[in-house]
Amino acid sequence: MMDRNDPQPLTAVPDPEIPAGFPSGSAIRRIDWGAQRAFDLLLVPVSEGQEAEGSSLSVLAREWATTGSGGSQVAAGCPGSVLIPLYGNHVVWSPERGAVIAEAGRLDTLAAALTEFAQCERRLRDLEQRGDSLNNRVETDAASILVAGEATDQPPRGGVQGSQLESISIRAELSKIAPLVHAPVLHPPTAASQLAERLRDRTRLAERHDLATNRADFAVQVYEACGQRAFDAKIARRQSGLEWAILVILLGQMALMLVEILSSRTGQ
Amino acid sequence: MGKPMNRTVDAPLISQIRQGNLAAKPPRVAIVGGGPGGLFTAWNLEHQADSPFELNLFEGTDRLGGKVLTPVFSTRGIRYEAGAAEFYDYTPVGEDPLRDLVESLGLHPVGLAGAGVHVLEKRIANLDDLCDTLGPDARKKMATFDNWARSAMTPREFYTSGTDGSCHAAQPGPFHQALPGPVGNGLRRYIETMIHSDLATPASKTSTAYGLQNYLMNDPAYMRLYRIAGGNEQLIRALAERISAQVRLSTRVERVVRAENGPMRLEFAGPEGPQSEAFDAVVLALPLEALKRLKFQGGELSEAMGRHIGHHDHPAHYLRVTLLTDQSPQPILGDDGYLMLDAFGGCCLYSETAIEPGARHGVLGWLIGGEAAEQMSLLNDQALVSEVLNTLPPSLAHLGGRVVESRVHRWVGAVSAVPGGWDSLPEDRRHRPAATTQPSLLIVGDYLYDSTLNGALESAEYAAGWLAAHLQSLRAGNG
């Protein structure tokens, strides 16, 4: 089964979409995330030693990236866009657009690192949004379980069960991306590892992942407790029925015994 | 800065007063040297001692802090580091008492990193740059060297290597002879620039272990660097505000006189002229150059101190040249707080712009160490500024024309080139060189460990622990 988080192959976007002000040789690559979402990557080659030129282009690239990601929600504490000067090269990231302004020999390396980061960040952002949505339901679900367990014959299913599965799913997804988020600092570093470290640091990826994990853990625990509570209520109900059955049987047995005693006396 | 002593009166003292033993004065302790070592000792002693004592801190100059100095440019009131540029953070591996102290004082540590090495007029910031500049073969050789370095010293060995003043994990001999295999001139220069960029020890005196430490400290798994927000001297101010010792500034201790079976006497010259006072215990928290100027009276004491100084006397030198510019280098440097240059046998160029939040100016500070620092310290300030400007990497060369003010600080003989000496001595012998004749004379210094502030704190903790026990025994004797 194909992972829904896997990016689709890079697709070239026609030249006209390259914003004004960038030199010839610039290109845009579109990475298809699926579900009608994509990440546009602007690649701008500059000559070696042209750091001033790269610096001015990075400002333009950041404007372009920020404009294109206007509609995307960013987690609290994470900037809407990030500009990273990296030893003469410049990298821009925003939720839906990124740019690499670098010497030709570094473009592909940095673009790959930026794409990998963007994918990881997007997965985390999705999980944060799913976690937010789940968090809004936890209290209602917990209340309905506790009330249902005590007052009705059948605990509510469907919605709550779905929420429980959602909490487990979020927690599992967070575990999957944990090695990417908490990757150790590489030494000696490569250009790609330096970029990844800076991007993770600027977007507070580790802190966001920790927070999302804590919230998912809490939801999992709440739904586990709710499930246990519902199970206990079910057992208690069965136990109560059993007790009544035993009582009825005993009463029946006593009645039979009484009939037997009475009939034996009548016979004398 | 000098404050009267105001110690908390504890139960045994109350008991003494009740018994009418008011004549029993608390023991007197003198700390000579108001640098980090002296202040750390005072701070630790006040926290560890459980009996009353009178603490005096002598400082020959008009300021506390020694090599931790954050002055201000006169033209714009902007701060810069003139001495210790950074603190070492050992928390990736183990406990770090200095970082704990910094945080407990309410100070804010700010991470400091830098990977850029300028060698042969090229910037090498990562393995890709290394490959581009020196060829694919250099990348493989660098990996070989890195593996060798890691296998020679684990993070734990690195962490403990400062404690006993040496490291036993590596082979003997100088570092430059220990590099594995033919590394090539370019790679050798790259590695040696990394190692010597903030090292005052010349290559010939850099042991394999010391060289390894200085290479591995670039790896965040072994150690990280930080500075204190608002300037490193914040640490000194915070300590000075909290200790209750009587601080005597501009008071130079000139002679330590040994007394038979009694207290020591210090002869000193201060604002009130030459004086002499007796103390039950004396801590000499001085750099070696200052210790050498101190006179010791009493044959055995003088001999013992001569042996101590002789063992540790490997003077090394630093030179700090700092320029204030009206444009920030940070857009070029990015997240890096420093870069390493192969000029002057390997030096470090710090960008201290971040000391002032939201600054638009730039502060560029060169840290030059070793023989180059000693030779260049003879030049006048203008010549030094001219020399350092010639070493600016091409990407920062435009800042050379935007200098607003320059400052030079010479730290000649201020540190030890061979911390702990060639042979590491037991801790007690390091701190009490005259243990038999003058047991309550203690030495505190970063040079006894690894020539860092962490080493100074470790030394101070040892001395304070010993003194606290000694004060306890004095009180028991009096009782």
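Two strands pair if DSSP finds at least two bridges between them. The views below show a predicted model.

**View 1. Pairing of strands β4 and β7 in chain B.** Strand β4 of chain B and strand β7 (residues 224–228) of chain B run antiparallel and are joined by four bridges. Within this pairing, B:G111 lies opposite B:Y226 of β7(B).

View 2. Three strands form an open sheet in the order β3-β7-β4 (chain B), and their pairing is antiparallel. The edges are taken by β3 (87–89) and β4 (109–112) of chain B; each has a single partner strand, so one side of each is left without a neighbour in the sheet. From one strand to the next, the twist averages 45 degrees. Helix α3 (residues 97–104) of chain B lies across β3, β4 and β7 of chain B, at about 135 degrees to β4(B).

**View 3. Packing of helices α4 and α5 in chain B.** The axes of α4 (residues 127–134) and α5 (residues 136–152) of chain B come within 6 Å and cross at roughly 135 degrees. From α4(B), residues B:L127, B:L130, B:C131 and B:L134 meet B:P136, B:A138, B:R139 and B:M142 of α5(B). The residues of this contact comprise seven nonpolar, no polar and one charged.

**View 4. The contact between chains A and B.** Here 19 residues of chain A are in contact with 20 residues of chain B. On the side of chain A that touches chain B, the elements giving two or more residues are α1 (51–68), β4 (82–86), α2 (104–151) and α4 (191–202) of chain A. That side of chain A has eight nonpolar, eight polar and three charged residues.

Conventions. Residues are numbered from 1 along each chain as its sequence is written. Chains are lettered from A and ligands numbered from 1 in the order in which they are written. This is a predicted model: local features need pLDDT of at least 70, side-chain atom pairs count only at pLDDT 80 or more; totals for chains, interfaces and linings use all residues. Axes are lines fitted to C-alpha atoms, for helices over the stretch in contact, and angles run from 0 to 180 degrees between N-to-C directions. Two residues are in contact if their C-beta atoms, placed from the backbone, lie within 7 Å. Ala, Val, Leu, Ile, Met, Phe, Trp, Tyr, Cys and Pro count as nonpolar, Asp, Glu, Lys and Arg as charged, and the others, Gly among them, as polar.
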